[in-house]
Amino acid sequence: MHDEIDVDVCPGYPVSWQAAALNTVMRGTFKPISGLLLRADIGVVAVSRIVALADRMPLPVPAHVSIVREPVGTCSGEWVRAGRPLDAGDESRVVLYFHGGGYFLCSPATHRPITWRLSAAAGCPVLAVDYRQGPVHTLAESLEDAIAAYMCLLERGHDPAGILFAGDSAGGHLTLATLLALRDRGLPLPSAAVCLSPWTDLTDTPRRANRMLDPMIPAGRVGWLARRWTAGLDPRDPLVSPVFGDYTGLPPLMIVTGSTEVLRDEGRRVAERARAGGVPVTYEEWRRMPHVFAILADVVPEARQVFRHIARFLTAVRNLPARDLPGPGPGLPGPGLPVRPGSAAA
């Protein structure tokens, strides 16, 4: 069963005309616009306010999907339940989801095309965390909210073996940073994690791979955001750049990227680091898919198919023998992120 999880996959689906058309549109609109706006804090604020309108006008979800907001830990979140009515066994399991958006935009509402399908694929509720973001808040506060949300689930009686982490882009970064922080604090770990196009390297290293091929993200603006969020921090700290982490003792990971993404190699490097630490990793690289293509599931066939792959991974994880699952972390020392005075983690 371990071998079913520790694999590299390049799905052979033909690239759909919908994906090809969207790549062309984004290359001519989203990419140059974001390249212009993400050059100063005023642009970050403007973009975040525009995207915040999605909270007021979220995309519709199917009638069988329920959404309930509630406080969770140090922030709020929304419970997303999809598919058939969930029995008691399903409710004992939960996916803790961290949305992407470069740590300055988006919310659980913008990512419902992912979270409701993830609920259906996992056969359990998804708790999407509305964690604090920049430019007002810091990476440390985002991490604090993620840890607090997980601890809230444990306090409510959820077994760590029934909890799955998932996140996309910056949320993939937060997923990995949270796992590393929990392990370093000697806390019980969830059963597995799924990262969609994770942003894992916040150093100022130039991004040359797929610089021209990525239809969505300008490589230079990724570097600018990284410098913005890591001011005053050590960018090689694993909680700042999880690509440098020691993954020993972490649960199985699934990492999904697109072959032409500017962040593709960051996902590959995490897979290599995790395997070096003895962690089974399913690494999937989808041909010519854009960044976090799963969010395009309403229009792109490949984006719907990826949830079937996630469901297979989760089934394989549930069937792993207990000896292959992680135990409590070893309590490794680590510098951690600076936290503002007065916060719960200070």
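This is a predicted model: local features need pLDDT of at least 70, side-chain atom pairs count only at pLDDT 80 or more; totals for chains, interfaces and linings use all residues.
Biologist: Thanks! Which residues lie nearest the centre of the largest pocket?
Modeller: Phe30, Val51, Leu105, Cys106 and Met216, out of 36 lining residues. A pocket here is an open set of points on a 1 Å grid over the protein atoms alone, where a 1.4 Å probe fits, with protein on both sides within 12 Å along at least five of seven lines; lining residues have an atom within 4 Å of a point.

Biologist: And what is the lining like by class?
Modeller: There are 25 nonpolar, 8 polar and 3 charged residues. Nonpolar covers Ala, Val, Leu, Ile, Met, Phe, Trp, Tyr, Cys and Pro, charged covers Asp, Glu, Lys and Arg, and the others, Gly among them, are polar.

Biologist: Switching topic: which members of the largest nonpolar core touch the most others?
Modeller: Leu96, Phe165, Trp199, Tyr247 and Leu253, in a core of 64 residues. Helix H7 (residues 139-155) gives the largest share, 9 residues. Such a core is a set of buried Ala, Val, Leu, Ile, Met, Phe, Trp, Tyr and Cys residues joined through side-chain atoms within 4.5 Å; buried means under 20% relative accessible area, exposed over 50%, and partly exposed in between, with a 1.4 Å probe and protein chains only.

Biologist: Is H7 mostly covered or uncovered?
Modeller: Mostly covered, as 15 of its 17 residues are buried. Helices are DSSP runs of H or I with at least four residues, and strands are E runs of at least two, numbered from the N terminus.

Biologist: How about Tyr103, buried or exposed?
Modeller: Buried, because its relative accessible area is 3%. Tyr103 is not a glycine, yet its phi is positive, about 65°.

Biologist: And what is the phi of Arg288?
Modeller: Near 60°, also a positive value in a residue other than glycine. Arg288 counts as partly exposed, at 38% relative accessibility.

Technical notes:
Residues are numbered from 1 along each chain as its sequence is written. Side-chain values use heavy atoms; hydrogens and water are left out.
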